[in-house]
Amino acid sequence: MNAEIRPIRTPAEQGLSGELKNLPSSGGARIVALREAAAKAFNDNGLPHRRVEEWKYTDLRTLMREALPVSSPAQSAQVEAHARLLIDTGARRLVIANGAVVPELSDLADLESGLTIQPLATALAAGGDLIARLGTLEPGRYDAALALNTALAADGVAISVAPGAVIERPIHVAHVFSGKAAASFARNLVVLGAGASLTYAESFEGPEGVAYQVNSATEFVVADEASLDLVRVQEEGANALHLSTLLFEVGKAVKLNAFTFTSGAAVTRTSLYARLNGADSAVSFNGAILLKDRQHADSTLFVDHQTTGCESRELFKHVLDDSSRGVFQGKIVVRQPAQKTDGRMMSRALLLGDDAEMDNKPELEIFADDVACGHGATCGAIDDDLLFYLRARGIPLKEAQSLLVQAFVGEAIETVANDELRDALVERAEAWLKARA
Amino acid sequence: MAMLDIDNLHAKIEGEDGKEILKGLSLKVNPGEVHAIMGPNGSGKSTLSYILAGKDDYEVTEGTVTLNGEDLLDMEIDERAAKGVFLAFQYPIEVPGVATMTFLRSALNAQRKKRGEEEISTPDFLRLVREKAAGLGISQDMLKRGVNVGFSGGEKKRAEILQMAILEPKIAILDETDSGLDIDALKIVSEGVNALRSPERGMIVITHYQRLLNHIVPDFVHVMHKGRIVRSGGKELALELEANGYAEYQQDAA
Ligand SMILES: Nc1ncnc2c1ncn2[C@@H]1O[C@H](COP(=O)(O)OP(=O)(O)OP(=O)(O)O)[C@@H](O)[C@H]1O
Ligand SMILES: [Mg+2]
C-alpha cells in the first residue's frame, strides 16, 4: 500500500524521466553517482509547482508544457551568426553551443599564467583536482532545475585561477542555442584560488520563434581574499525557456560582485545560492530585468551568512512593459555565529504596461543578535512629475520615458566594475528601449 | 495679434469635484514685452504657468490660449516647448540618473528636430553650454551631475535659466525664479534673464518681490487674485503693492 499522495506526472515530467534513463557516463564513479542521485531526486520529486514555496510564482509544472530531447551539437557557422552579445568587449571568448564547447570558436590560446580553461567534457574525461570540486556546492534543498542539470549536463567550461593570479582580461562564455527546438544543458565550474582575481561574463542567446530550453548551472568556488566579478546577459529568443542556477562558495575577505541582465526568453528562472563561510567578505548580487509582452522572469536568491562580518547587497531593478511579470524572491539568512553581518536587499520595479505585474518576496531570517539587515521593495509607474519636466523641455514622451528607464536601470548597471562590460550592458538596455519606441 | 493671447481662461483641478482655480483670466503678451505677475499665495500663478506648459493635472473648462494664432491648449507638452514655450519651474525637480548634458542635448535636439532643423554638433553644443554656464556661474562639476541632483535651491534656479538660455524660447514664464536666491545670485540670474530680453521674445515673470523688478524691469505689472487678473499697470504698480500689500483686493473679494 502506498500512503504517499503524488500528483499525476505531467507529460513534461514523463518526458524528462525518459531522458534521465540515458545519463552521460563520463567523469568517474563520483560524478556518475552524482548524476544518478540527481536523476532519482527528480524522479521522486518532479517539477516544482506553486505550492512549493521557492517556486510559488513560477509554477514550472504548468509553464513547462513538454520535455524536449537533449540537443545535438550545432553547426558552428549557424552558431557564429547568433553569438553577438558582448562581442566588442575585448574579453577572451569561449563559445558553448547547445550545451557543448565549440573549440574552433573558442579562444584558448596564450592563457595567462595561473589560468586554466578546459571544456568540462575534457576535464571529466581526464579527472583530476579541478573535477574533484564539481558538484560540491549544494543548495541544501531539492532544486529541480539543478537536479536536471547535474544529471544531464555533459559539457561546459571548467576554469581555475591559481592562488594570487590576477587575470586582467575578462573571460566571456557565450552560450548559444541554434537549430530545432531541443533542451540544452551546460555545467560550468569556476574556481578561484586564494587572492586570485577574475572577471567572468556569461551570455545566453538563441533564435526567435523556436521554443527551445536552456538549463545552465555554474559553480563558483571563491577562496580567501579572492575577487570575482560576474556579469551575465540573458537575451534568449522570445519563445525560450531559460533556467539558470548559480552557486557560490565564498571564503574570507572575498570581494564578489555579480550582475545579471535579463531581457530574453518567455520564461526565465534564475536561482542563486551563496554561502558565505569566511569572515569579512563583501558580496553583491544585482540585476536589471527588462520584460515585455507576456514574458515571465523570476530571480530567486538565497544568501546564507554563516560567519562574522560579511556585507551582502542586493539591488534588483525590473522594468515591466505590456503584460509581463517579474518575480523577486530574496532570502537572507544570518546564522547565529554571523555577528556583525550587514545585509541590505532592495527590489524596485517600474511598471510600464497596464497589465504588468511584479511579485516581491523579501525574507530575512536572523539568528544572530548584532547585525544590521534590511530590505525594501518599491513598485510603480514612471513618476509623472519627472516625465512632465522632461517633456516641458521638448523631449517627446517615448524619449522621455526611455531616458528615465535608462536612469532607473542605470543605478544597477553602474555596479559593474569593468568599463567595457558596463558599456555593453548600457547598450543592451538602450537596444531594448529602442525596440520598444 | 498678440504672440501669447490668454482669453477668459477658466480651469479646475482634474477630476469629478475638482476645485476651480483660474476664473476668467485674460492676458496678452506681445513680442519684446516683459509682464510681471504678482499676487498672494494660492491665487493661481503657478497653476497658470503649468497650464501654459501643458501639465495635465488641470482641466480647462472655458476660454482660449493661442500662441502666434495657434491653439496652444491643443498641443502636446513637448510640442509646446518646440513652439517656444518655456517654463522656469518654481520648484525644479531632481532627475537622478539623467546626466545634465544628456538632458540639455536631448531637449535641444528634440526641439530642433520638431522644427525641421538640423541637430547641433557635439563641439557646438559643448561650446554653447560652456559659454552660457560660465555666465551664470554654473560649474562644470554641476553639469556632470544628474539634472538638478544635489543642487542647492539657488543652484536649481540658476540651472533653469541655463536651460532657458540654451533653448532660446519665444515665450518664457519664470515662476518665482528669485525665491531662494541670495543677493549675488539674484544679480547673476537677473543679468542672465536680461541678456535674453529681445524684441522677438516675450516674458512672464511671476514674483512676490518688487526687488526682482529693479533688476528685470517689466513693461507691465499685473495683480492676480483668486484666479483672475484684478489690476494691471506699469512698473510703479509693484512699488505700490510693496507698500500696501494685497489687503485692498482681499476686501474686494470678500
Ligand atoms: N494639483 C493640485 N491639487 C489640488 N490643489 C491644487 C493643485 N494645484 C494647485 N492647487 C491649489 O490651487 C490654488 C492655487 O495654487 P498655485 O500653486 O497656482 O498658487 P500660486 O499663486 O502659485 O501660489 P504661491 O504664491 O504660493 O506660489 C491653491 O489653493 C492650491 O492649493
Ligand atoms: Mg506658485
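This report looks at charged side chains in the structure above, in pairs and in a surface patch.

The model is predicted, so local features need pLDDT of at least 70 and side-chain atom pairs count only at pLDDT 80 or more, while totals for chains, interfaces and linings use all residues. Residues are numbered from 1 along each chain as its sequence is written, chains are lettered from A in the order in which they are written, and side-chain values use heavy atoms, with hydrogens and water left out.

**Salt bridges**

Side chains of opposite charge can pair when their charged atoms come close. A salt bridge here is a side-chain nitrogen of Lys or Arg within 4 Å of a carboxyl oxygen of Asp or Glu. The whole structure holds 41 salt bridges over all chains. Three of them are set out below.

| Pair | N to O distance |
|---|---|
| A:R169 and A:D107 | 3.5 Å |
| A:D359 and A:R325 | 2.8 Å |
| A:D419 and A:R422 | 2.8 Å |

Where does each pair sit? Helices (H or I, at least four residues) and strands (E, at least two) are DSSP runs, numbered from the N terminus.

A:R169 forms a salt bridge with A:D107. This pair links distant parts of the chain, 62 residues apart. A:R169 is in the loop between β4 (157–161) and β5 (171–176). A:D107 is in the loop between β2 (100–101) and β3 (115–119).

A:D359 pairs with A:R325. They too link distant parts of the chain, 34 residues apart. A:D359 lies in strand β18 (residues 357–366), and A:R325 in strand β16 (residues 325–334).

A:D419 and A:R422 both lie in helix α9, three residues apart, about one turn of the helix. Salt bridges that share partners also join A:R92, A:D107, A:E112 and A:R169 into one network.

**Buried or exposed?**

Buried means under 20% relative accessible area, exposed over 50%, and partly exposed in between (1.4 Å probe, protein chains only). A:D359 is buried, at 12%. A:R169 is partly exposed at 31%, and A:D107 is partly exposed at 26%.

**A negative patch**

Which residues gather in a patch of negative charge on the surface? They are A:D88, A:E420, A:D423, A:E427 and A:E430. A patch of charge is made of residues with over 30% relative accessible area and no salt bridge, with like charges joined within 9 Å. Asp and Glu count as negative. A:E427 lies in helix α9 (residues 419–436).

Key. Patches are made of residues with over 30% relative accessible area and no salt bridge: like charges are joined within 9 Å, nonpolar side chains (Val, Leu, Ile, Met, Phe, Trp, Tyr) within 5 Å. Accessible areas come from the Shrake-Rupley method with a 1.4 Å probe; for residues, only the protein chains shown count as cover. The place of a charge is taken as NZ of Lys, CZ of Arg, CG of Asp or CD of Glu.
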